[in-house]
Amino acid sequence: MTQGAGQGPETERTATLRDFRVPAYVHETGPYGHSTYPGDVARPVEEPADHPEGYTPTQRDLPVINRGDTLQVPVDPASLPIPQQTDGAGPLYVVGDVHGYLDELVAALQEQGLVDAAGNWCAGTSRLWFLGDFTDRGPDGIGVIDLVMRLSAEAAAAGGYCKALMGNHELLLLGAKRFGDTPVNSGAGTATFQAAWLLNGGQKTDMDRLQDHHLQWMARLDAVEEVDGYLLVHSDTTAYLDYGDSIEAVNDTVRETLTRNDADECWDLFRKFTKRFSFRDEGGADAVRSLLDTYGGTRIVHGHSPIPYLLGEVGSEEGEDSAGPVVEGPHVYAEGLAIAMDGGVTMAGKLLVQQLPLDI
């Protein structure tokens, strides 16, 4: 497993539940501490009082679980809708959150036969979709973006394609670059993109290497797509419905928001894209259906929320004995309508590359 600067063995990439709710203005060290630039002064960030359970932009992301046995949730294949592959198209693959772990990404793509030993596209007419979150936390987010951009050209030349969706961390990096320490209205006080980016794993090496073509590429990414009956999104939230009643409308609205370059508008977009767990609990299947009914498709595929948390298995403050599931593949839930793809690579989990349809 590739280690980022200052990281120790794989076990040091884990944390306990006590690491979760820390004041946003505290500068910490270690793999889940945030980077600082020389001369930076920690900026207090007020936490909204009405945030949903889980991640908010002005808190660190989810706590990290300890590894344990895989928890299998049975799904009856006969009860699931079967998306149909587009005639004449190559096989369809999806990739979960990468978060800067370039070596793990290349290894996972090689395992699926999508790239060769040199990291070049070798899958012909195959179709590959990344579900967003290319940077932050891991050691080489810009290297990940460069790879995806190169594979997009190589796949197109071979008759296939490699495409990507907008994740909340793309919005976060864009905001940190564009607006820095400009105060934004968080809904309950003052926040900044810079503080949120540092808090949630922003890497100085990524910012140093960020160029105009990376920014342009990220700003043009779609937020929602439908392929072969699969509705592809980054976040497990219904917030997409706030941006339009069709896929085209949502994508246009997101791009127009970024084009206007208004810090408060971009913050609100980022905040909504950080919401999660809408499909997990009671009423989750209905939440999925609200998206499918509006945008089309028969099942939804998303990243963003690590599968261990969707399974409800988290560590505790009591020590290292509590066990969570080892993720070996996607998680199907919400009455079989949702497929989660974030295997938790940032918490010593697995970076998932999966061919669809699933062999359940």
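This is a predicted model: local features need pLDDT of at least 70, side-chain atom pairs count only at pLDDT 80 or more; totals for chains, interfaces and linings use all residues.
Residues are numbered from 1 along each chain as its sequence is written, and side-chain values use heavy atoms, with hydrogens and water left out.

Let me start with the overall numbers. The chain has ten helices and eleven strands, where helices (H or I, at least four residues) and strands (E, at least two) are DSSP runs numbered from the N terminus. Of its 360 residues, 56% count as buried, buried meaning under 20% relative accessible area, exposed over 50%, and partly exposed in between, with a 1.4 Å probe and protein chains only. Among contacts between residues at least 6 apart in sequence, 77% join residues at least 24 apart, a contact being heavy atoms within 4.5 Å.

Now to the helix pairs. Two packed helices are described by the angle between their axes and the distance between the axes. Here the axes are lines fitted to C-alpha atoms, for helices over the stretch in contact, and the angles run from 0 to 180 degrees between N-to-C directions. For helix α2 (residues 141-157) and helix α6 (residues 212-219), the axes come within 11 Å and cross at roughly 70°. That makes α2 roughly perpendicular to α6, given that angles under 35 degrees count as roughly parallel, over 145 as roughly antiparallel, 65 to 115 as roughly perpendicular and the rest as oblique. The crossing of α2 and α6 is left-handed, which is the term used if the near helix is turned anticlockwise from the far one by less than a right angle, with right-handed used if clockwise. On the α2 side, I142, I145, D146, V148 and M149 take part, and they meet H213, H214, W217 and M218 in α6. By class, this contact of α2 with α6 has six nonpolar, two polar and one charged residues, where Ala, Val, Leu, Ile, Met, Phe, Trp, Tyr, Cys and Pro count as nonpolar, Asp, Glu, Lys and Arg as charged, and the others, Gly among them, as polar.

Helix α6 also packs with α3, and there the axes come within 10 Å and cross at roughly 135°. The two helices α3 and α6 are therefore oblique to each other, and α3 passes α6 in a left-handed crossing. The residues that meet are E170, L173, L174, K177 and R178 in α3 with L215, M218 and A219 in α6, and this contact of α3 with α6 divides into five nonpolar, no polar and three charged residues.

The next pair is α7 and α8, which pack at an angle of about 140° with their axes 8 Å apart. That makes α7 oblique to α8. V254, T257, L258 and R260 of α7 make the contact with E265, C266, L269 and F273 of α8, and by class these are five nonpolar, one polar and two charged.

Staying with helix α8 (residues 263-273), its buried residues are A263, C266, W267, L269, F270, K272 and F273. They pack against α3 (168-179), β4 (184-185), β5 (190-191), α4 (193-199) and α7 (247-260). At the start of α8, a side-chain oxygen of D262 comes within 3.1 Å of the backbone nitrogen of D264.

Finally, the backbone. Most residues other than glycine have a negative phi, and most peptide bonds are trans. A334 has a positive phi of about 55° although it is not a glycine, and A334 is buried, with a relative accessible area of 12%. D228, in the loop between β6 (224-227) and β7, has a phi near 55°, again a positive value in a residue other than glycine. The peptide bond from L356 to P357 is cis, with omega near 5°, and P357 lies in the segment after β11 (353-356).

Conventions: A polar contact is a pair of N or O atoms within 3.5 Å; within protein, one must be able to donate a hydrogen and the other to accept it, and residues adjacent in sequence count only if both atoms are side-chain atoms.
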